[in-house]
Amino acid sequence: MSQPMIRARKLTKSYLRGGETLTVLDGLDLDMDEGRFYALMGPSGSGKTTLLNLIGGLDQADEGDLVVAGADLAALDSSALARWRAANVGFVFQGFNLIPVLTAQENVELPLSLSPLSRKERREHARYALKLVGLDGREDHRPGQLSGGQEQRVAIARAIASDPKVLLADEPTGDLDRKSADQVLELLLRLNVEFKKTILMVTHDPHAAAYAGFTVHLDKGQLGCIETNPPRAVAARV
Amino acid sequence: MFNFKLVRRYLGKHLVRSLLTVASLMVALFLLCLLQAIVVSLDAGVRGAKRDRLIVQSAVSLFVDLPLNYQQKIGAVDGVESICKWQYFGGHFQDDEKGYFAQFATDFDTLFACYPEIEVVEGSKEALLADRTACIVGKSLADRLGWKLGDSIPLEATFFAKPDGSAWDFKLAATYRPTSTAMDGGMMFFRWDYLEETVKATRGETPGTGTYVFRTRAGADQAPIAATVEALFENGPQRVSCSTEAAFQAQFVSMYGNLPFFVSAIGGGVLVAIVLACINTMLMAFREQLHDAGILKAVGFTDGSVATLMLAQSLVLCGIGGFAGIGLAKLTEPVMQLMLTRFGVPYEVPAETVALASALTISIGLVAGVVPAWRARQLRVVEALRSVE
């Protein structure tokens, strides 16, 4: 049995709010296998985004062990964590989070500038990623010149440009209309099925969660259950 | 990983603000160079003074003339190599609006021996000796007043006014350019015998001289020579004071009082104001880029590279403005020279001023950028991503 792509043990994270300690993750144990698509659901305040941030190395746990893509995140300092993020994780945020002063092409090239690729190779990789998300011809558009759905697809292209092992999506369809949301979800599904990316997607939307192979339920900072979505639904979409 | 494209794009995002900051820095550094150059120029004579030249003047005042026979006695002192006399003429050119310049009566052969830094650029020393009314003027002065060799220069005298009130006529026989800051490049020298004979003929008296300048032999000790010269005339008819050229020049600088300090204080004030303005600009930029800094960190940029991005924006912004100001100061040097030469100030933006202004430009960039850079470095990704521009 191979190591899971994401392995959390007794993961705890608390915040100070108004002088009180608020425990968001409370000794969470979780395993996620490589090449699978997980939807992370739960009520507001259940710790979904916090868990996503910890797995992505954007924040650090107070206690517990977290191993992602073979790296013990608690053992990495700030610089090492940044380098690890650049190589192993792609983020897709609800608010797209593109750099407004850069074009679509330049936004996608941004994480590639941290790699040893030449300028020409970076350009080619970024073009390919934009083509993959159906945005060839929009390379020179700034985020302000794109629709919400297109912006999110640029964000997905940026997330996959450096070929990371894990894709983390925080409510990626939250700001989109249904049609754009479906396009984005189908794109994520395709990345999972065709490119074997491990995807963890936070969502409130059961329709979005149905695209994933598994739905992880969180409740009050602890793992509720992991549901396996009907394979027919997944297969039909692919 | 440093991304210069991002630096350019962020500075271009608020183009008007960036241009205004650049313009204010340009004006500030231009003013700083200008004021510093004036301070340095006021002191140029002292700094450029030759160590082997001593000046003899009346112990009473510079305005009291010395007898002509002193020249031979001073010249006979052991260690004195060559000696010349300077008599201030105090004439006015026909159009004072174009600017005042100083004129001195002297003997050319001894003047050139005492001042090897006078480089004749037009005409010749022979031409100066051939005509009694011949004069030599600084090239910059000739250019400013549009004089050419052979031109007649009429001067209205003050101390040596003719009884009939007519002007003194001089003929431009040569121009010079000083090779050292010890010599003002905007003066006029004419022959002593022309002054002496004309004054004798029109006023029936023999003029004295304001100062004697002499060079000492190479390696000679200045102090005992100066003491010997002063002792020579201890019992009159006119007691003298013998000082180094630097000390002589310093008495003119002291006439400006606290002007150098005042000018420096203005420059310092301008500098402080511009530093505060730049800090404000960069803090505004930091607040606007807070969210983007979070994005950059999320995709893998290190704390250091995000901090460098902020610092680079500050350095580029301040660098463009500052170096443009320094360039402007150098570009306007000829114009400023023309404007200030009439006041007897040999304006020049020296290399040390350019170096000081360059160092200040970089320092302003660092000071303005260091706080936003530090804050960008300390920024937690999740908090930055939550922020809204």
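Trainee: Is the crossing in which H2(B) passes H12(B) left-handed or right-handed?
Mentor: This is a predicted model, in which local features need pLDDT of at least 70, side-chain atom pairs count only at pLDDT 80 or more, and totals for chains, interfaces and linings use all residues. Residues are numbered from 1 along each chain and ligands from 1, both as written, chains are lettered from A, and side-chain values use heavy atoms without hydrogens or water. A crossing is left-handed if the near helix is turned anticlockwise from the far one by less than a right angle, and right-handed if clockwise. When H2(B) passes H12(B), the crossing is right-handed.

Trainee: Why is H2(B) described as oblique to H12(B)?
Mentor: Their axes (lines fitted to C-alpha atoms over the stretch in contact, with angles from 0 to 180 degrees between N-to-C directions) come within 7 Å. Angles under 35 degrees count as roughly parallel, over 145 as roughly antiparallel, 65 to 115 as roughly perpendicular and the rest as oblique. H2(B) is therefore oblique to H12(B), since the two axes cross at roughly 40°.

Trainee: At roughly what angle do the axes of the helices H3 and H4 of chain A cross?
Mentor: H3(A) covers residues 104-112 and H4(A) covers residues 119-132, and their axes come within 9 Å. A:Val108 and A:Leu112 are among the residues of H3(A) that meet H4(A), where A:Ala126 and A:Leu130 are among the partners. H3(A) and H4(A) are therefore oblique to each other, and the angle is roughly 120°.

Trainee: Which residues of H5(A) make the contact with H4(A)?
Mentor: The axes of H4(A) and H5(A) come within 9 Å and cross at roughly 135°, so H4(A) is oblique to H5(A). The crossing is right-handed. From H4(A) the contact uses A:His125, A:Ala129, A:Leu130 and A:Leu132, and from H5(A) it uses A:Val154, A:Ala157, A:Ile160 and A:Ala161.

Trainee: Which helix gives the most to the lining of the largest cavity?
Mentor: A cavity is a set of points on a 1 Å grid where a 1.4 Å probe fits but cannot get out, and lining residues have an atom within 4 Å of a point. The largest cavity holds about 100 Å³ of space, and of its 13 lining residues B:Tyr10, B:Arg17, B:Ala285, B:Gln289 and B:Gln313 are the closest to its centre. H1, H2, H11 and H12 of chain B each supply at least two lining residues, and the most, 5 residues, come from H11(B).

Trainee: Which element supplies the largest share of the lining of the second largest cavity?
Mentor: About 80 Å³ of space lies in this cavity, whose lining residues include A:Phe91, A:Arg158, B:Ala298 and B:Val299. By class, the lining has 7 nonpolar, 2 polar and 2 charged residues. Helix H2 (78-88), strand E6 (89-92) and helix H5 (148-161) of chain A each supply at least two residues, and the largest share, 3 residues, comes from E6(A).

Definitions and conventions. 1 Å grid on protein atoms, 1.4 Å probe; cavity = no way out; pocket = protein on both sides within 12 Å on 5 of 7 lines; lining within 4 Å. Points joined across faces, edges and corners; volume = space filled by probe spheres on them. Helix = DSSP H or I, 4+ residues; strand = E, 2+ residues; numbered from the N terminus. Nonpolar A, V, L, I, M, F, W, Y, C, P; charged D, E, K, R; others polar. Contact = heavy atoms within 4.5 Å.
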